[in-house]
Amino acid sequence: MTAEAIAARPVPTADWVTIEDLYRNPFPIYRKMRSEAPVHWVPAVNRYMVTSYQACHTVENNQEIFSADETNSLMKRAMGHSMLRKDDPEHDVDRKSYGSVLRPKAIKEHWNAIFQANHETYLARLKSAGPGADLIWEYAAPYAAENLRLVMGFHNATQEDMQRWSQTMINGTGNYADNPDVWAASEKSYNEVDDAIDEILPYLRKNPDSSLLSGMTSMPIPLEAIRANMKMTIGGGLNEPRDVLGVAVWALLSHPDQLAQVLADPALYPTVFEESVRWVAPIGMYPRETTRDTVLEGVQLPKGARLGVVVGAANRDPEVFEDPESFNINRPKKPHLAFGGGNHYCAGAWVAKASVSGIALPQLFAELPNLRLDPERPAVDAGWVFRGMTALPVRWDAK
Amino acid sequence: MAKVSFHHNDGNVDVLDVDPGTSLMRAAVTNGVAGIVGECGGQAMCATCHVYVRPEYLDGLPEISEDEEEMLECTADPRDEDRSRLGCQIKAGEGLDEIEVDVPASQI
Ligand code: HEM
Ligand code: FES
């Protein structure tokens, strides 16, 4: 045994944690866990939950010990074996197949104009729904879905298809209860996405554009990998921009001082974005698996341990962030873990920033005078593996 | 071994001996050098491994790829047309047995 292993302590159990409590509000639970140990065994979740910033960071940066290629992964069943469940060098081949599509130059040259047009479409929809409308369901969700549809190149689908595919397959990845209805809906979407890809690839070969699927037509990448990566990207590229948009609007509307500061200085919207994803990470937890016995921040873990990397907790670690539970755009800048880190660092980070803090947030606040929460119907935030606003009724004044 | 020196604004210097082929970003992150973040693990995606290479070492560097060029336009601290590089795209010991860089004040 190494000196490190001798000094290490056994992993504590957190048998008091329940899924219901996590779903409602995970943050007090994370606070308690983090103050006890950086890792716990959590029976209700059937995983070792990693909650300290340093421990999450260590896991993200060591794929030899902390593999993304999880055994019996529900994500593999729901979406196929995508890059997100591969380690390098296999992961790298898939990741390179995305080329430059999601990078800043392509965003400037192609996507910003499309995001702008989509913003105008769904802002008009929100306005016609009138004051009291739900900002998530009339604007943020269709805006994020339509952006992703075009970035991916699904010219034979609608934004409603994208939303249904995304939610039903995400439900599959979380179907630990093995509910047959959840599997049926998830499998239906799985097949629909495969059919849509089969149909659109020949079209894009003849009519190339700047999309991911168009790029795939000239990449040496097997169809099976394309299918899995597209499903994972539908699941990982829609709800997250929707949720950061909702949380950012909610946070500003609930913190009038900070809202006034941003309205006076629109250059602060990128800071609002970063603080919103730090404060409420849209992907709160993602899995890894140990490839051998190891010690993580002083805690012993066996080989084959199924980990939940809880970046939603790491982002509120008081060791790194002062007064971490507060939304504060004026806090000292520190790197958060909301986009993950290391080789699986979010491929869509620049797209998310461009569409949310480049276009949506500044224009929503400019176009909807005196935007405010609806005093009659409360906003609702919920979730832990994925967290965002499930309702955000808003009011504004006529222009 | 190759020698890498990270000069900080406060005058402190981190001097590392690393295996040839190790990127400056990886060397910094595994040795806890302050001011180098390296969020994307070296994929030229995040621009949080920005360094200013000291002039005497510029000639030994590999060319700037398209991806690196694009990211150098996204750095938190201003780009220096000659000296700015991504730490993840420079490998110690390849063309240079020794390299010295200045760490920018901010990466995010
Ligand atoms: C605020 C919005 C977003 C957040 C917070 C977010 C978060 C994340 C996180 C945490 C991961 C890593 C998960 C892991 O390591 O297991 C990830 C990976 C990924 N994300 Fe995002 N994401 C966002 C938006 C997007 C968008 C808009 C797209 C597509 C256009 C996208 C595409 C991807 C892809 C393809 C991966 C897999 C990368 C790989 O395995 O190498 N994401 N994202
Ligand atoms: S580590 Fe991300 S660009 Fe170098």
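1. On the side of chain A that touches chain B, the elements giving two or more residues are helix H6 (90–96) and helix H7 (104–129) of chain A; helices (H or I, at least four residues) and strands (E, at least two) are DSSP runs, numbered from the N terminus. H7(A) gives the largest share of that side, three residues. Sorted by class, that side of chain A has seven nonpolar, nine polar and five charged residues (Ala, Val, Leu, Ile, Met, Phe, Trp, Tyr, Cys and Pro count as nonpolar, Asp, Glu, Lys and Arg as charged, the others, Gly among them, as polar).

2. Keep in mind that this is a predicted model: local features need pLDDT of at least 70, side-chain atom pairs count only at pLDDT 80 or more, and totals for chains, interfaces and linings use all residues. Residues are numbered from 1 along each chain as its sequence is written, chains are lettered from A and ligands numbered from 1 in the order in which they are written, and side-chain values use heavy atoms, with hydrogens and water left out.

3. How many residues does each chain bring to the contact? Chain A brings 21 residues and chain B 15 residues, contact meaning heavy atoms within 4.5 Å. About 1500 Å² is buried between chain A and chain B, with carbon and sulfur atoms giving 52% of it (buried area is the accessible area, 1.4 Å probe, that two parts lose on being put together, summed over both). Arg103(A), Tyr345(A) and Trp350(A) stand out: they supply 42% of the area that chain A buries against chain B, more than any other three residues.

4. Two salt bridges run between chain A and chain B (a salt bridge is a side-chain nitrogen of Lys or Arg within 4 Å of a carboxyl oxygen of Asp or Glu). One joins Asp67(B) to Arg103(A), with the closest N and O atoms 3.5 Å apart.

5. The whole structure has 37 salt bridges over all chains. Among them, Asp92(A) meets Lys96(A) at 2.6 Å, N to O. Both residues sit in helix H6 of chain A, four residues apart, about one turn of the helix. Asp92(A) is partly exposed at 27% relative accessibility, while Lys96(A) is exposed at 55% (buried means under 20% relative accessible area, exposed over 50%, partly exposed in between; 1.4 Å probe, protein chains only).

6. Another pair to look at is Arg331(A) with Glu275(A), closest N and O atoms 3.1 Å apart. Arg331(A) lies in the loop between helix H16 (311–314) and helix H17 (349–367) of chain A and Glu275(A) in helix H15 (residues 269–279), so this pair ties together parts 56 residues apart in sequence. Arg331(A) is buried at 12%, and so is Glu275(A), at 4%.

7. In chain B, Arg83(B) and Asp102(B) form a salt bridge (2.6 Å, N to O). The pair links distant parts of the chain, 19 residues apart: Arg83(B) is in the loop between helix H2 (66–72) and strand E4 (84–86), Asp102(B) in strand E5 (residues 98–102). Asp102(B) is buried, at 18%.

8. Back in chain A, Arg31(A), Arg34(A), Arg316(A) and Glu325(A) are linked in a salt-bridge network.
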